Amino acid sequence: MPPLAGAELVHTPLQLYRYLLRCCRQLPSTAMQQHYRHAIRQGYNSHSDEDDPERIQTIIQRAIADADWILDKYTKKK
């Protein structure tokens, strides 16, 4: 299950970047939000020169799955 509605609409790196930043807003603490926002920016910048469409889709799918796991990890602790 994707962390936010609209995960199936993510097709480009910029859409993924914006989607992941929206996911960060659901994290419980400001420190966590800042940490993951920084990690998202670094990942976006490090893959900005990627031009293989298959590789880009693989990165998008993996990032959405990772966001789902992280949100489940932090939001189901109670």
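1. Q33 sits in helix α2. Its relative accessibility is 17%, so Q33 counts as buried. Buried means under 20% relative accessible area, exposed means over 50%, and partly exposed is in between, with a 1.4 Å probe and protein chains only.

2. Before going further, a word on the model itself. It is predicted, so local features need pLDDT of at least 70 and side-chain atom pairs count only at pLDDT 80 or more, while totals for chains, interfaces and linings use all residues. Residues are numbered from 1 along each chain as its sequence is written, and side-chain values use heavy atoms, with hydrogens and water left out.

3. Now the overall layout. The chain has 3 helices and 0 strands, and from the N terminus on its elements run α-α-α. Helices (H or I, at least four residues) and strands (E, at least two) are DSSP runs, numbered from the N terminus.

4. What about the overall dimensions? The radius of gyration of the chain is 12 Å, which agrees with the value near 12 Å for a compact globule of 78 residues. That radius is taken over C-alpha atoms, and the globule rule is 2.2 Å times the number of residues to the power 0.38. Along the principal axes, the C-alpha atoms fill a box of roughly 40 × 25 × 15 Å.

5. Next, surface and contacts. Of the 78 residues in the chain, 31% are buried. The chain exposes about 5700 Å², and carbon and sulfur atoms supply 53% of that area; accessible areas come from the Shrake-Rupley method with a 1.4 Å probe, and for residues only the protein chains shown count as cover. Among contacts with a separation of 6 or more, 55% are between residues 24 or more positions apart.

6. The largest pocket deserves a look. It holds about 580 Å³ of space, and 24 residues line it, with L16, L20, I40, G43 and A63 nearest its centre. The elements giving two or more residues to this lining are α1 (13-24), α2 (30-46) and α3 (53-75). Helix α3 gives the largest share, 9 residues. By class, the lining has 18 nonpolar, 3 polar and 3 charged residues.

7. Some terms for that pocket. On a 1 Å grid over the protein atoms alone, a cavity is a set of points where a 1.4 Å probe fits but cannot get out, whereas a pocket is an open set with protein on both sides within 12 Å along at least five of seven lines; lining residues have an atom within 4 Å of a point. Grid points are joined across faces, edges and corners, and a volume is the space filled by probe spheres set on the points. Ala, Val, Leu, Ile, Met, Phe, Trp, Tyr, Cys and Pro count as nonpolar, Asp, Glu, Lys and Arg as charged, and the others, Gly among them, as polar.

8. L20 is one of the residues nearest the centre of the largest pocket, and its place is in helix α1. With a relative accessible area of 12%, L20 is buried. Leaving out residues up to four places away in sequence, L20 touches I40, A63 and A67. L20 and M32 are 12 residues apart in sequence and 13 Å apart in space, C-alpha to C-alpha.

9. L14 also lies in helix α1. Here the relative accessible area is 48%, so L14 is partly exposed. From C-alpha to C-alpha, L14 and S48 are 9.7 Å apart in space and 34 residues apart in sequence.

10. I59 is found in helix α3. Beyond its neighbours within four places in sequence, I59 is in contact with L16, H47 and E50.

11. Finally, L4 is in the segment before α1. L4 counts as buried because its relative accessibility is 19%. Not counting residues up to four places away in sequence, L4 touches Y19, R22, C23 and Q26. L4 and Y19 are 15 residues apart in sequence and 8.2 Å apart in space, C-alpha to C-alpha.

Methods: Contact = heavy atoms within 4.5 Å.
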